[in-house]
Amino acid sequence: MLTTTIWGVNFVVIKVGLAEFPPLLFSALRFLAAAVPALWFVGPPRVAWRWVVAVALALGVAKFGLLFLGMGAGMPAGLSSLVLQSQVFFTVLFAAALLRERPRPVQLAGMAVAAVGIVLIAVDYGVGSPVAALLLVVLAAVAWGLSNVATRYAKPPDPLAFNVWVCAVAVLPLLGLSLVFEGPSAALAALGDVSWSGVGALLFIGWVSTLFGFSAWSFLLKEHDASSVVPFALLVPVAGMFSGWLLLDEAIGPLRLGAAALVIAGMAATTLRRSPARAPVAVP
């Protein structure tokens with residue numbers, strides 16, 4: 001739950017950073033901030049490089065590039081944290097098709113309850129954002145689902161080293177996309193006028209959300225089935241909603257509180273496991 005709380009707060013921090021940086025440049029800088037200091041302390045990723053590149057492209061370039069573009073185009077922080085969690089359903093779908101991991105009925109029921117809560121939160125927020133911005137965040141969720149399956153398949157023995165190298169590989173493609181679509185003048189202007197709040201947002205997203213958050217996430221995906229771990233990401237919009245209330249003065253009414261309770265209840269249901277069958281008692 002610590003990781004999901006950090007990721008919920010992260011959406012508020014992203015809004016702070018996007019006020020100072022173009023989206024693709026901001027995404028590249030967050031990975032640069034995460035990778036450069038840590039590369040001195042980690043060894044090689046200890047998995048095939050194709051998995052590092054695959055996760056870097058799916059998670060670093062596609063997921064975060066599309067997410068930042070969507071939020072930069074008008075998607076609010078709370079609604080973005082909500083829509084992005086559709087990755088749960090994409091991940092379970094991809095895991096079933098590619099890894100042959102079959103979710104248990106109680107997991108499906110729990111996700112259905114949590115999905116109802118997410119829909120209620122979306123209705124309460126009001127889907128007033130531009131359609132293109134909404135679609136960008138949905139596509140980011142698809143990319144996150146693919147990266148979850150790739151991480152599960154790779155099973156990196158050192159999640160921290162794996163994520164540091166993923167961050168390093170993602171930097172150059174994002175910088176290239178930024179130069180092509182945002183232009184070098186926009187990058188120079190943003191870097192020349194950056195404030196302490198922009199620097200703080202960059203460091204929080206690079207070190208806390210990226211290095212710590214995704215290392216913990218990769219460790220969980222290595223140790224457990226994707227369909228058991230990924231549903232906990234449905235708690236992210238709950239954390240995002242409360243962080244928006246604390247930091248951005250967003251109102252939380254009874255409907256949002258009830259919806260949050262549904263999400264938590266759904267997540268609790270996904271943790272239930274079938275009790276082991278008792279051995280038959282021999283009759284003397």
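Of the 284 residues in the protein chain, 51% count as buried (under 20% relative accessible area; exposed is over 50%, partly exposed in between; 1.4 Å probe, protein chains only). This is a predicted model: local features need pLDDT of at least 70, side-chain atom pairs count only at pLDDT 80 or more, and totals for chains, interfaces and linings use all residues. Residues are numbered from 1 along each chain as its sequence is written, and side-chain values use heavy atoms, leaving out hydrogens and water.

**Overall build**
- The protein chain has 13 helices and zero strands. Helices (H or I, at least four residues) and strands (E, at least two) are DSSP runs, numbered from the N terminus.
- Contact means heavy atoms within 4.5 Å. Among contacts between residues at least 6 apart in sequence, 91% join residues at least 24 apart.
- The chain exposes about 12,900 Å², and carbon and sulfur atoms supply 74% of that area (Shrake-Rupley method, 1.4 Å probe).

**Nonpolar core**
- The largest nonpolar core holds 75 residues. Such a core is a set of buried Ala, Val, Leu, Ile, Met, Phe, Trp, Tyr and Cys residues joined through side-chain atoms within 4.5 Å.
- L67, L84 and W217 touch the most other members.
- Leaving aside neighbours within four places in sequence, L84 contacts F11, K63, L67, V137, A140, A141 and W144.

**Helix 8 and its partners**
- Helix 8 (residues 159-181) packs on helix 10 (residues 196-223) at about 125°, with axes 8 Å apart. Axes are lines fitted to C-alpha atoms over the stretch in contact, and angles run from 0 to 180 degrees between N-to-C directions.
- The two helices are therefore oblique (under 35 degrees is roughly parallel, over 145 roughly antiparallel, 65 to 115 roughly perpendicular, the rest oblique).

**Positive phi in loops**
- Most residues other than glycine have a negative phi.
- R46 has phi near 60°. R46 sits in the loop between helix 2 (23-38) and helix 3, and is exposed at 57% relative accessible area.
- K155 has a positive phi of about 45°. K155 lies in the loop between helix 7 (131-154) and helix 8, and counts as partly exposed at 43%.
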